Amino acid sequence: MLNFEEELKKFKPSLEIEDAEDIIYNQDLDDMSDVLIKLLKDAKQEAESTKRSK
Amino acid sequence: MAIATYKKLESLSNFFYNDGLEKAGVRDLSGAIDSLQQSLKMDKNNIDARNLLGLIYYEIGEVVAALSEWVISKNLRPEDNIADEYMDMVRNSPAKLENINQTIKKFNIALNYCHQDSLDLAVIQLKKVLTINPGFIKAHILLALLYLKGGNYDRVKVEAGKVLKLDTGNLTARRYLKEAENMIAPGEGGKLASDTSSSKNDDIIRYNSGNEMIIQPRKQSAFTKSGSIWGIVLGMILGIAAACFLILPQRIESINSNTKEKIANISEESDSKSAKIAEYERQIQNLKTENDKLTKEIGGYEGGDNTSISSASNSLMKAIGIYLNDPSDIDGMVQAMDKVNIDSIKRSSYPDFYALYDALIEKVGPKLAAPYLKDGVDAYKKKDYDTAIQKLNKAKQYDGENNVNILFNLANSYYEKENKDAKDIAAAKELYKKIVDDFPNSQSAKTAKTKLAEINSSGD
């Protein structure tokens, strides 16, 4: 038996034309390569900080 | 980052894109969306994946999401991008875009109704949405959920079927369909599983006859049920309320409108009457002016000191009559002529009267003047200048042109009068001048010259 309230929560309001600009500007466009670059950058910074502390 | 890693990511992105494309090919739109989103997570610059994702969004009625994907795609690759065509397609039919936007708004309103527990209103709204945009999958699914909640399992099946026709891989639609099928599966004694749970509450009997579901309401007497009576009472109350809120204001407005119209008419009438009154007042004023003018004119005809022309004529006639009967009766003529105030009768207006008057004066003027001259001189000697002026003026009237004594004594009376004013001096000066001009050789003329010199020197 489905729970109506729970099912209803899954429905989100549809995007209206007036909101299009905000949606485009705020869309998260990061892909896997961005994530990897960030990871590498963080690892490098961590390594440098460890080196300095020694 | 190593190129190999980047190549790997690009390859994965392409793999997901191909998967998405394949799913889209068999109208598994939900699956295609998942795959394409994965593809873009691997490589955001996969333009084909992004454009296809936009296209699928458009297909399921999410126009704004579609447009945003195409705009981003265009931004990432400005040249040689099919997103241009898609956006042109939308841009060239603004009416359709507006229509779709309206359905989106209505869907959001329906969703709001659901949260407010106004499920009936939500169903109505969603039906409207789907009439305008039958491809709006989310609306179909929400409607199916509402039917599921309301126990309309057949309709759930219909809606879920429509969704699965548009999107074969829609898991939500499949779940609802399965739920509905479970609910309408035959239970014990031929009754539906759903009926066993709901029949206790809604007092209806449902059973399957072949493939048809028969819903038979239990027979009830309207008057035996208190609920029905309450319904009738409620209906009456609502009817009265409707009359009060709908008919009464209209009626009041109508009465107000009539009253305003009447007031406007009365006001117009009043204005028109005011204008007429002003016109009449103006006419009255004109008539008064004309009346005054005519009265003055009549006064002119009648004479200034209430001696009418007719009475003057009568007196003249009487004097002429006396002259004709007895020319020596000077006293009688003097008495008759005394009533003729010749100064108040215009010569130009009564030429005949004057002709007669002049004829009489020519005959008896000096004789008529004599008693007045005598009385005037006597008064002058007594220094009663006012009486002298009065008498001598009368004498002048009868014989003023020929008798220098009358003019001289009259001039002296004016000149020597006590409390004389500028008018008296002017009269004296004129008479002295006349004496000098008309009677230059007389003794009086010499004196008149002296007097004139005195007057002129005193005037300077």
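## Chain A

Helices here are DSSP runs of H or I with at least four residues, and strands are runs of E with at least two. On that basis, chain A of this predicted model has three helices and zero strands. The order along the sequence is α-α-α.

Chain A holds 54 residues, of which 6% are buried. The cut-off for a buried residue is 20 or more other C-beta atoms within 10 Å of its own.

## Contact between chains A and B

Chain A contributes 22 residues to the contact and chain B contributes 29 residues. On the chain A side, at least two residues come from each of helix 1 (4-9), helix 2 (20-26) and helix 3 (32-53). Helix 3 of chain A gives the largest share of that side, five residues.

By residue class, the side of chain A that touches chain B comprises 15 nonpolar, three polar and four charged residues.

## Helix packing in chain B

Within chain B, helix 13 (residues 309-325) packs with helix 15 (residues 351-381) at an angle of about 35°. The axes of these two helices are 11 Å apart, and their crossing is left-handed.

From helix 13 of chain B, the contact uses B:Ser313, B:Leu316, B:Ala319, B:Ile320 and B:Tyr323. Helix 15 of chain B supplies B:Phe353, B:Leu356, B:Tyr357, B:Leu360, B:Lys363 and B:Val364. The residues in this contact between helix 13 and helix 15 of chain B are nine nonpolar, one polar and one charged.

Technical notes. Residues numbered from 1 in each chain as written. Chains lettered and ligands numbered in written order. Predicted model: local features only at pLDDT ≥ 70, side-chain atom pairs only at ≥ 80, totals over all residues. Contact = placed C-beta atoms within 7 Å. Nonpolar A, V, L, I, M, F, W, Y, C, P; charged D, E, K, R; others polar. Buried ≥ 20, exposed ≤ 12 C-beta atoms within 10 Å, placed from the backbone. Axes fitted to C-alpha atoms, helices over the stretch in contact; angles between N-to-C directions. Left-handed = near helix turned anticlockwise from the far one by under 90°.
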